[in-house]
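Dear colleague,

Please find the structure below for your study.

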Amino acid sequence: MRLSLRTDYAFRVLIHLACNPDSRVTVRNITELHGISHNHLVKVVQHLCHAGIVQGTRGGTGGIRLAVSARNINVGHIMRLMETEKESPGVCHPSGNNQCILGNACQFRHLIVQAVDAFMAFSDGMSLLDLTSGSG
């Protein structure tokens with residue numbers, strides 16, 4: 001299973017904010033610390049703000065912070081929110097008229113679906129706090 005850059009960046013932002021709850025954090029600061037695209041991160045932060053997970057304030061004293069406690073941010077929910085690709089991982093997806101010659105004899109596709117479901121169920125049991133040193 002491969003998560004998108006959007007999801008990776010979202011977790012970088014969220015973990016950074018969870019580890020710095022009393023600091024004014026700017027998107028520019030996060031992009032410089034992580035060496036990632038400012039424009040791409042702005043879009044990710046806007047998506048998190050629109051979902052009510054991050055709160056942003058504009059202006060000279062502005063910045064971003066978590067809109068809710070890290071304990072109340074579900075890891076599985078964030079992955080579903082950020083992932084735009086709704087297909088199973090890129091296996092057993094013949095393109096066009098190319099059908100898999102193994103057909104129903106191969107159960108690999110079902111194994112992958114079950115593995116992804118188990119991963120998401122595990123992620124649903126975790127909070128953002130679990131991803132930081134504040135959890136233990």
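In this model, helix α1 (residues 5-19) packs with helix α3 (residues 38-50) at an angle of about 70°, their axes being 10 Å apart. Axes are lines fitted to C-alpha atoms, for helices over the stretch in contact, and angles run from 0 to 180 degrees between N-to-C directions. Helices are DSSP runs (H or I, at least four residues), numbered from the N terminus. The angle therefore makes α1 roughly perpendicular to α3 (65 to 115 degrees; under 35 is roughly parallel, over 145 roughly antiparallel, and the rest oblique).

The model is predicted: local features need pLDDT of at least 70, side-chain atom pairs count only at pLDDT 80 or more, and totals for chains, interfaces and linings use all residues. Residues are numbered from 1 along each chain as its sequence is written, and side-chain values use heavy atoms, with hydrogens and water left out.

Contact (heavy atoms within 4.5 Å) between α1 and helix α2 is a further point of interest. The axes of α1 and α2 (residues 27-34) come within 11 Å and cross at roughly 110°, so α1 is roughly perpendicular to α2 as well. On α1, the residues involved are R12, V13 and H16, and on α2 they are N29, I30, L33 and H34.

Finally, helix α4 (residues 75-82) and helix α5 (residues 108-124) pack at about 125°, with axes 6 Å apart; α4 is therefore oblique to α5. Here V75, G76, H77, M79 and R80 of α4 meet F119, M120, S123 and D124 of α5.

Yours sincerely

How values were computed: Helix = DSSP H or I, 4+ residues; strand = E, 2+ residues; numbered from the N terminus.
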